[in-house]
Amino acid sequence: MTRPPIPNQTTQLHVDPSVIDLGVGQPQLSLLPLERLGQAAALRFAAGAHDFLQYGAEQGDGYFRLALAEFLNQGYGFPVHPDQLFITNGASSALALICTLYARPGDTIFVEEPTYFLALRIFADYGLRPVAIPVDEDGLSVTALEAALQHSRPAFLYTIPTYQNPSTNTLSAERRTRLVELSREYDFWVVADEVYHFLQYRGAPPPALGLHAEQDRVLSLGSFSKILAPGLRLGWILTSPERAAAFAHSGLLASGGGLNPFTSSIVRSLLDDGGLQTHIAELKQVYTQRSETLANALRNHLPEANFHLPQGGYFFWVRLPGNLDARAIMPHAEQFKVAYRPGAFFSTQQGLANYLRLSFTYYPAGLIEQGVARLGRCLRSLAP
Ligand SMILES: Cc1ncc(COP(=O)(O)O)c(C=O)c1O
């Protein structure tokens, strides 16, 4: 008897193999460090200590936090103490825990317009009401934020300050300072999702908002999903030692223990022996080239589209010419065997209709080029 295939798709990834889905914001499978992690796991198992299979310390294993703090010290260029770190199952789990502990159903929160669409799903699960604050080339508009604060006070503001998903823009140094001042003045939390910070291809961004995590009302989220492997489900919150300890005292942790003792003990080897830094350097090389390929393909096949070459991260944010509605033409694109994420997904107001998000991390250069060529043919077929 033949069995039906076991469903193995995720919300982030539904790819029909005949379609080039340039919307997928994930690393290509072959870029995931199978060997490196295999060796790190073998070392940990060979060590013969059983503790990583036990319930873990609630705030995260102390040795792991020590190694992570050292990595962040070097990567961020400012001091990070292990007590400031709370270990999570990734940025998504951090957001869910923040919604549990820092907001109540019905609360207003501020989000960027555009913003990471799946974060909006998490906020909806908690009954939070997002109010959109626009983003421009210098990131979140702090002027618009200040104006919005005259009308309502959010439980928190959710921002992706560096290589934003999807706009790719980075919050300028001046605006970072102003944002922190405003959070003090108007008494709200800044939840800074900094998962793309280390994927820098062209110059360095301003210091991570985690710089203000100890003194100010900042919760800075990091993750191994973009710099190592999403399947690890491992990340961190960088904040003050008191707030990091408070996360560890929540009911979820009291019952289940630390969020990922098993994986964190394996990843610790890669922090200790520099394997993570080597992997990031390799990713940066590949992604720099692929982003150039995507830019050239857009210039060749969609010359009338508007975009900036991203300085880092995963994405291109492309404005279509005229009044083209990216969501409305998705079925048409499917006929040309190409897909993307339409701008409206990233809007709380069903706006941004003539934008689309493309990623350059999932496909090799040849398929990126082919995918954009298909998109170009699709758009030309729509021209009057
Ligand atoms: C801005 C942003 N935050 C969070 C995530 C998810 O991170 P994690 O895998 O650590 O939950 C993503 C993944 O696409 C993202 O783009």
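## Ligand shell

In the classes used here, Ala, Val, Leu, Ile, Met, Phe, Trp, Tyr, Cys and Pro count as nonpolar, Asp, Glu, Lys and Arg as charged, and the others, Gly among them, as polar. The model is a predicted one, in which local features need pLDDT of at least 70 and side-chain atom pairs count only at pLDDT 80 or more, while totals for chains, interfaces and linings use all residues. Residues are numbered from 1 along each chain as its sequence is written.

The ligand is surrounded by 13 residues, of which the closest are Gly90, Ala91, Ser92, Ser223 and Ser225.

## Two domains

The domain assignment divides the protein into domain 1 (20-31 + 277-382) and domain 2 (49-274); such bounds come from an automatic or database domain assignment. Between the C-alpha centres of domain 1 and domain 2 the distance is 26 Å. Domain 1 contributes 28 residues to the contact and domain 2 contributes 27 residues, where two residues are in contact if their C-beta atoms, placed from the backbone, lie within 7 Å.

Helices (H or I, at least four residues) and strands (E, at least two) are DSSP runs, numbered from the N terminus. Helix H10 (275-301) and strand E10 each provide at least two residues of the side of domain 1 that touches domain 2. The largest share of that side, nine residues, comes from H10. The side of domain 1 that touches domain 2 comprises 11 nonpolar, 15 polar and two charged residues.

## The eight-stranded sheet

Eight strands form an open sheet in the order E2-E9-E8-E7-E6-E3-E4-E5, and the pairing is mixed. Strands pair if DSSP finds at least two bridges between them. At the edges are strand E2 (85-88) and strand E5 (139-140), each of which pairs on one side only.

Strand E3 (residues 108-113) and strand E4 (residues 129-136) run parallel and are joined by six bridges. Across this pair, Phe110 stands opposite Val131 in E4. Helix H5 (residues 142-149) packs on the sheet and touches E3, E4 and E5; its direction makes about 150° with that of E4. For this angle, axes are lines fitted to C-alpha atoms, for helices over the stretch in contact, and angles run from 0 to 180 degrees between N-to-C directions.

## The three-stranded sheet

A further open sheet has three strands in the order E10-E13-E12, with antiparallel pairing. Strand E10 (315-319) and strand E12 (341-342) are at the edges with a single partner strand each, so one side of each is left without a neighbour in the sheet. E10 and strand E13 (residues 355-359) run antiparallel and are joined by five bridges. Phe316 has Leu358 in E13 as its bridge partner.

## Loops and exposure

A residue is buried if 20 or more other C-beta atoms lie within 10 Å of its own, exposed if 12 or fewer, and partly exposed in between, with C-beta atoms placed from the backbone. Ser347 is located in the loop between E12 and E13 and counts as partly exposed because it has 19 C-beta neighbours inside 10 Å. Leaving aside neighbours within four places in sequence, Ser347 is in contact with Glu113, Pro114 and Leu352. Ser347 and Leu120 lie 227 residues apart in sequence, yet their C-alpha atoms are 9.1 Å apart in space. Gly322, in the loop between E10 and helix H11 (330-335), is exposed because it has 10 other C-beta atoms within 10 Å.

## Backbone features

The peptide bond from Glu113 to Pro114 is cis, with omega near 5°, and Pro114 lies in the loop between E3 and helix H4 (117-125). Asn165 and Pro166 are also joined by a cis peptide bond, with omega about 15°. Pro166 belongs to the loop between strand E6 (156-159) and helix H6 (173-186).

Tyr163, located in the loop between E6 and H6, has a positive phi of about 50° although it is not a glycine. Tyr163 counts as buried because it has 25 C-beta neighbours inside 10 Å. Arg233, likewise a residue other than glycine, has a positive phi near 50°. Arg233 lies in the loop between strand E8 (218-223) and strand E9 (235-238) and counts as partly exposed because it has 17 C-beta neighbours inside 10 Å.

Methods:
Near = placed C-beta within 6 Å.
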